[in-house]
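Student: I'd like a close look at one helix pair in this model and at whatever it connects to. Please take me through it slowly, then show me the wider surroundings.

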Amino acid sequence: MTSTQLKTITPELETLGAEPYYQSVGDEIALFEAAAQKRLPVLLKGPTGCGKTRFVEYMAWKLKRPLVTVACHDDLTTADLVGRYLIVGDETVWLDGPLTAAVRAGAICYLDEIVEARKDTTVVIHPLADSRRALAVDKRGELIPAPPGFMLVISYNPGYQSVLKEIKPSTRQRFVALEFDYPNAEIEAQIVATEGGIDPPMAQKLVKLGELTRNLKGAGIDEGASTRLLVHAAQLIGAGMAPAVAGTAAVARALTDDPDMTQTLDDLVRAVF
Amino acid sequence: MAERKLFAHELEEILDAFLFASPSHRSIERLAEMLEGLPRHQQDFVLRVARGAAKTNTELGYLVATLAINALDRLDENAFHDWVIAGLDVFDKKGLRAAVETLRDIDGFLALRAGRLHASFADVEQRLARFVLGLSGRPLALKSGAYPWTDTETIYLPERLAHFATAEDNRRLYQGLAVQLWAQTRYGTFNVDLEDAIAAWPEPMERGQALTWLAHLEAVRLAACVARDLPGLGTLLGELRGAWPAEVSVALVDLQAEDADINDTLRWLDHFMVEGAVPPAPTFVGRLEPGIAARVRNERITRDTETLKKAIGALKGAAGKRHAPPNDFSAELNQETGEIEVRVDGEAVKLPDDARAAAQSLLQDLGQVPPEALTPAGDAPWMPDDRPKQGGETLCSGDSEIRYDEWDYHRNAYRRAWCHVFVTDVKPGEGSFVRETKTRYAPFIHQIKRRFEAVRGEDRILGRQPDGEEIDLDALVEAVNDRKSGAEPSARLFCRRVRNERSLAAMFMIDMSGSTKGWVNDAERESLVMLCEALEKLGDAYAIYGFSGWTRKRCDIYRIKSFTDAYDDAVRARIDGIEAKDYTRMGVAIRHLSKLLNDQPARHKLLVTLSDGRPDDFGDEYRGTYGVEDTRRALQEAREQGIRSYCITIDRQGADYLKHMMGPASYTVLDDVKKLPLKVADIYRKLTV
């Protein structure tokens, strides 16, 4: 039986309907567009919750391409990306993995936190990220050339400094790198206000809280509050919670389990509200 | 069975044994007579506690014995013990005179103990330090002092606050004071020359009044600033202070205005001083030490300016190296974001983190970044070495920021923040020790590696899973057969790969004391080479640190390989560079290294010590039982944190203390140095299988 006779299931991919909210902070949109036009893969660097995923969603919408997002974890294997055989009744059926589906559809494939994935995934990522632009599906004996619309985007957080969690030079040197960071106070307040549906003065207070927690980075917590956390707090406030309660639940408790550090963060929440 | 009580001459003999060095020795006879009146169990108790105190200082031992009768009237044995410990703690921190006063003040001790209402600096220090760091973003140290004030780099707070009725309120008072003093550094109290401003009142009395007024008026202005930026803290300050004193009410509106600055405060200072008004008591406002603050502030500004200049110079220099010198170079402050923007040929360049911190610090001090700080310092690339060293050897003469408690078995209590830890790198060796060792032991290394490979966690394939990467053919054939024969087929037709994780982190603690000089040191280094080779195969997280030291004021920890370092040439050079240093104060090393170990995410944690004998330090204090007990205590603490410890000791004298110190089955004694390299890797393997 050859691969063409096999029953193959390919998930349907659609482009995003509504425009996702994204607040540009620099020239990242233009750079991404240029990379897309020249079919270059892109690497997004930056701390957690600073808008990397939202940015990719926004770009997929802007470029009118479907988006496949894979949250990488440490048991993510090549098969999870490429696809696998399934048994349905008496038949063996091939199910395309997210990466294969994205290649077939000419979509943007976004591998979030790529360093978490198992090392063997590089086997399929590398040929897609250089001039070959093709996906080898070993189990089917198939080589799928990527259509012009296909784009590979990976992200990683350089803040986690574990030896095991480093991205190899051979991988990173295939990508155009865009660096992300938390936006400055004014833009961040705008984002928090818009996303959380709260008034600007309250958003400014939340951003102030974020700033205070980021001062503690490395002094007990690994990362300060991300923009995402501040948005969560804003959404809780928007839903009628008291600001201090929202700040404690969405920011202070989310950042640490250490009792001493929790105390300090609670103190900071009280200081702001 | 109750024993007979001791007579004066017997007491005198016992007292004489541990008080002979006391200057008050001559009056021992009278002391013995006093103690003769006590029942035997109390005599024993007093002698025991006094002997413990005398180990710290004989004069204190004598004092405890003298005050004992008086104290036993009012304190039970537990309280008596705590009373002595409180006195010894004061001795550790402030010396004999203060300790004597504390011990004499039994009433004060009782009041504190009964109420437990006060808050002490030690209780709040850590929490406040983090809080202030969160507020300011630049390091502000906290120290205890006689009264609350700040020199702009350190906030001094009283040892103890008992102004309010409950401990919680007193802790809030600490926070409030810290916030006010932080606000002085943040909102520009020291941005003008205050000495100059109060020069009009040189008389001590007048000067004091002027400073108190200034503190009050600034407190009004700063509280308003704080309330604007951090409303929660504004409320806190308001609650602590209550209403402003009536005297300052005329100035309130003016000083609370959003654009008020220190100059407005000074105007009001003139107003009040000219009127000759007496200032209110400075309970909540802290004091001002303008002279010291100005000096510290100026030093910092110079330092920050230098750092910034050099960093900008380096950016310009680096740009110049790549191409021709930059045609267009600019560095300016973006007023909106408060960030320095450096542009080289129109391209934005990022400043290094420490330069950004320096710029932020300058902004806080001056409200702007002085133009000279933005002119690059020469074209030479900036080397990190130009910076004043913030750690390492320059610090060693002073106090260290990292301190650990130490267990004093005489007192049956901890000595707080007793040991000062300095962490430095081992100076890399230049020889070829590692290469030679690898050659010499090549067959052994090969053997060990193979044994270790057998232990390494391999992937396993689990069959008959409901989901997985591959089809399990056996299961599939069975299922098809089942179906054909009418039985219900199993749905578990896949196989899945799972990882066998060891999840183990190991810390190796290497004795670098003077006694290891020679053979032992060589053996230690050889062991490390073999261990590293083997561990690389195994893939466990491991770190290697050396320790040595010279008294509690200088406990050195030497980094050889941290958990994040790879086993590379730098690590190999550091292994080569391990040399015999000073003494072996083990407890503090265990405390520091188990803290590092604890930060590792691994499920199992192992602390392995390589040493050549019992703990020891300069002077008699740590030698003998004290050191063993402290080490034992430190190991217990580690165990409570889930760390398993193991000790490999080369001690030809037979190590009788080890069983007590380490616990059974937690140590190996080698009588021959030469065995060490071959043993260590093997022991590790056995421990971790």
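**A helix pair and its surroundings**

Tutor: In helix H8(A), A:Met202, A:Ala203, A:Leu206, A:Val207 and A:Gly210 meet A:Leu230, A:Ala233, A:Ala234 and A:Ile237 of H9(A); contact here means C-beta atoms, placed from the backbone, within 7 Å. Keep in mind that this is a predicted model: local features need pLDDT of at least 70 and side-chain atom pairs count only at pLDDT 80 or more, while totals for chains, interfaces and linings use all residues. Residues are numbered from 1 along each chain as its sequence is written, with chains lettered from A and ligands numbered from 1 in the order in which they are written. The element names come from DSSP runs numbered from the N terminus, with helices (H or I) of at least four residues and strands (E) of at least two.

(Nonpolar covers Ala, Val, Leu, Ile, Met, Phe, Trp, Tyr, Cys and Pro; Asp, Glu, Lys and Arg are charged; the others, Gly among them, are polar.) As for geometry, the axes of H8(A) and H9(A), the latter spanning residues 227–238, come within 10 Å and cross at roughly 145°. Those axes are lines fitted to C-alpha atoms, for helices over the stretch in contact, and the angles run from 0 to 180 degrees between N-to-C directions. H8(A) and H9(A) make a right-handed crossing, that is, the near helix is turned clockwise from the far one by less than a right angle.

Now, what else does H8(A) do? Between the chains, 23 residues of chain A are in contact with 20 of chain B. Helix H8 (200–215) is one of the chain A elements that give two or more residues to that side, along with strand E4 (83–88) and helix H11 (259–272). H11(A) supplies the largest share, 8 residues. This side of chain A has 11 nonpolar, 8 polar and 4 charged residues.

Follow E4(A) and you land in an open sheet of 3 strands, ordered E1-E5-E4 with mixed pairing; two strands pair if DSSP finds at least two bridges between them. E4(A) is an edge strand, as is E1 (7–9), and each pairs on one side only. The twist averages 30° from one strand to the next. E4(A) and E5(A), residues 91–96, run antiparallel and are joined by 6 bridges, with A:Arg84 having A:Leu95 of E5(A) as its bridge partner.

Over in chain B, there's another helix pair to set beside yours. H4(B), residues 58–74, and H5(B), residues 77–94, have axes that come within 11 Å and cross at roughly 145°, and their crossing is right-handed. Among the residues making the contact are B:Leu60 and B:Val64 of H4(B), plus B:Trp83 and B:Gly87 of H5(B). By class, this contact has 9 nonpolar residues, 1 polar and no charged.

Chain B also has an open sheet of 8 strands with mixed pairing, in the order E9-E10-E16-E15-E14-E17-E18-E19. Its edges are E9 (402–408) and E19 (667–670). Inside it, E14(B), residues 504–511, runs parallel to E15(B), residues 541–549, through 7 bridges, and B:Ala505 stands opposite B:Ala541 of E15(B). Overall, chain B has 25 helices and 19 strands.

Methods. Two residues are in contact if their C-beta atoms, placed from the backbone, lie within 7 Å.
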